[in-house]
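Let's take a walk through a protein model and look at how some of its parts meet. Have the structure open and follow along.

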Amino acid sequence: MFEIELQKKNSVDVDWDKLEIPEEVASSISMEAVDKYQFIPFREEDDFLDIAVVDYENVNTQNALKFFANKKEKKVRAFQIDKEIFDLLIEKLNNPKVEIDKALESFEKESKEDNEALSQAKKKKKEKMNVLQEAPVAKIVEVIIKNAIDGGSSDIHIEPLEDNVRVRFRVDGVLHSSLFLPSKIGPAVVSRIKILSNLKIDEKRKPQDGRFRIKEEGQSIDFRISTFPVSNGEKVVMRILDKDEGLTSLGDLGFVGRDLNAVKEAIKEPYGIILITGPTGSGKSTTLYAILRMLNEVGVNIVTLEDPVEYVLDGVSQSQVRPEIDYTFASGLRSILRQDPDIVMVGEIRDTETAELAVHAALTGHLVLSTLHTNTAIGAVPRLIDMGIQSFLLSSALRLVVGQRLVRRICSNCKTEKESISNPVKEMINKEIGNLPKESLGGIEYDVNSQDNYGLYYGKGCRTCSNQGMKGRVSISEVLDVNKRISQMIGDESGYHELIKAARKDGFTTMKQDGIIKALEGKTTIEEVQRVTEDDSGEEMISAKGEQE
C-alpha cells in the first residue's frame, strides 16, 4: 500500500501559471476521473507523483487517490488548490497541441500501414487512404474547432504555407497563430471540412462557400465556410456564428445617449432607408439583427435577403441569395416587394440596381434596412450618388446612417488605471471632445484644463483574458440623423464638409469622438480607438502601462 502525503497549502512553491504537465503524466488519468474527483497529476519525480487536489477532505477523493497511488506504484504528494487553479490546469490538460500530436501520430502510423498494404493492392489505394485517414483527421478538425470555440474566436483561418499549414484564430478582431500542422496533412484537413460543409472535394481550382452546424455543450453553433485557392493549396476560413453572441441589443453593442435615441426614433418611421456602414468585420450584420429584433412583432411582416443567413430569427422570413442561379439582391428585392412586406432587410447594397430598388421600396411605403461599405456615415451619401441615385430621390428616402467599428474591451478582471499619459495624447483628447456639449459626453466627468490622467485605463493581463489585457468588443459609432435640414442639403448636393458641419449642430459625434468617450468611461483604450479610426495609428500613442514614450 503506497502512502499519501498531504502538502500544507503554499508549503511548496509551485508556479501554476508556468507549469507544464508532461504528456505521459497527463495521459495517466481520464478526464472523467478528473471531473469526478477534481484532482490532477502534474509531476512525476523518482518515487513520488505530485497531484493537485481541490477537496482533499472528500472521502471519495481520498479513496481514488489511494487507488491511483497503488496503480502507479508511487508515493503521492497531494497539493491543495482552489477552483481557479484547477480550471487553469484543466486548460493545460486540454492543450490542443497535445491532442493534435496524438492524432498526427495515429495518422502517421495508419499511413505507414496503409503504404505497406498498398504495395500488395495498389488498385485500392485511394479508397484505403480515405478510410484510414478519416479518424485522425476528423480528430484534428474537431480539436481545432473546439479550441476556437473555447477561446471565444470569431474566425478560424487554415492557411497552407510552403513548409507547413498554419492555423490562426481571430479573437476580438485580432488574428493569433495557434497551431502548425505538417504540409501533408493540410489537404486531408481541407477535405474533411469540405465534407462537413457539403462542398465538392475534387474542386480545388475555384472558391467554394458552404456551412455546417454542430452542437457544443447543448448549444447550436453554425459555421460559415469559405475555401480559396492559393499558391500552396487551398486556404479555408471558418466563420463561427454563435446565436447567443450574435443576437444582442443595441445597448449591449455600445449604443448610448443621442445615438441610441436616434436609432430608436428612425425605426418608428413607416418608410425610409436605414443604413449601417463600415468595412468587413465591423459588426454591421450584428447591428442589423439587433434592430430587427426590436422591430419583430406579430403584426409586422419582415422579409430579409441575406448572403448568407447568419442568424435565424423566429417570425422573420429570411431568404439567402444565390447568384449562381441569378437569385441576387436585386432580383430578390423585386420578388420581396410582391410579398407585401412592412420591413425589408437587404444584406448589402453592392450595385446600382440594388440601390435603385431599395430607394424605390423606401419611397413606396417600406422601411428598408441595409449595409454599405463606406468609411464614415456621411460618406454613404456621395457613395450612393456615385452609384447613380439622384440626389432629390436620396434626400426623400434616407432616414438614418450609422457608421461603426469594433474595438476591444478592457478585461474587467485586470483593468488598471493609468499612472500618466503623454502630452500629445492629452492634446488629441482635448482637440476631439473639448468643445462637445455636456449631453454628448455620456455623463463622464471631463475637464479640458485637467492635468491628471482623465481616468484612462488599461488591462494588465490575467488568466481571464489569456494575458492580453482585452476581452470582448464594443462598438464605436457615429449616427447621421437625416432631419429636414440634412435632407435639404442632400437634395442640394452639398459637400461632405458642409454636411458634417450641419450634423454637428444637431449633436453629431464622430466614431473617434465616441471611442474617446468610451475610453474615458473605462471601456476601451485610446490605443484601440486610434488603431481603428486613424490611418497612422502609431502617432501619439501611449505605452501599455501609461508611461510617456
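**Charged pairs and a helix crossing**

Arginine 166 counts as partly exposed, because its relative accessibility is 22%. Keep in mind that this is a predicted model. The side chain of arginine 166 meets that of glutamate 159 in a salt bridge, with 2.9 Å from N to O.

The structure holds 28 salt bridges, so let's visit a few others.

Glutamate 44 and lysine 74 form one, their closest N and O atoms being 3.6 Å apart. Glutamate 44 sits in strand β2, while lysine 74 is in the loop between α3 and β4, so this pair ties together parts that are 30 residues apart in sequence. Glutamate 44 is partly exposed at 33%, and lysine 74 is buried at 13%.

Now find arginine 258, which pairs with aspartate 259 at 3.2 Å between the closest N and O atoms. Here arginine 258 is partly exposed, at 25%, and aspartate 259 is buried, at 7%. Salt bridges can also link up: Arg43, Glu45, Asp50 and Arg77 are joined in a network of them.

Finally, on to two helices. α16 and α19 pack at about 120 degrees, with their axes 10 Å apart, so they are oblique to each other. Met428, Ile429, Glu432 and Ile433 of α16 touch Lys512, Gln513, Ile516 and Leu520 of α19. That contact is made of 5 nonpolar, 1 polar and 2 charged residues. The crossing of α16 past α19 is left-handed.

Note on methods:
Residues are numbered from 1 along each chain as its sequence is written. This is a predicted model: local features need pLDDT of at least 70, side-chain atom pairs count only at pLDDT 80 or more; totals for chains, interfaces and linings use all residues. Side-chain values use heavy atoms; hydrogens and water are left out. Axes are lines fitted to C-alpha atoms, for helices over the stretch in contact, and angles run from 0 to 180 degrees between N-to-C directions. Helices (H or I, at least four residues) and strands (E, at least two) are DSSP runs, numbered from the N terminus. Angles under 35 degrees count as roughly parallel, over 145 as roughly antiparallel, 65 to 115 as roughly perpendicular and the rest as oblique. A crossing is left-handed if the near helix is turned anticlockwise from the far one by less than a right angle, and right-handed if clockwise. Contact means heavy atoms within 4.5 Å. Ala, Val, Leu, Ile, Met, Phe, Trp, Tyr, Cys and Pro count as nonpolar, Asp, Glu, Lys and Arg as charged, and the others, Gly among them, as polar. A salt bridge is a side-chain nitrogen of Lys or Arg within 4 Å of a carboxyl oxygen of Asp or Glu. Buried means under 20% relative accessible area, exposed over 50%, partly exposed in between (1.4 Å probe, protein chains only).
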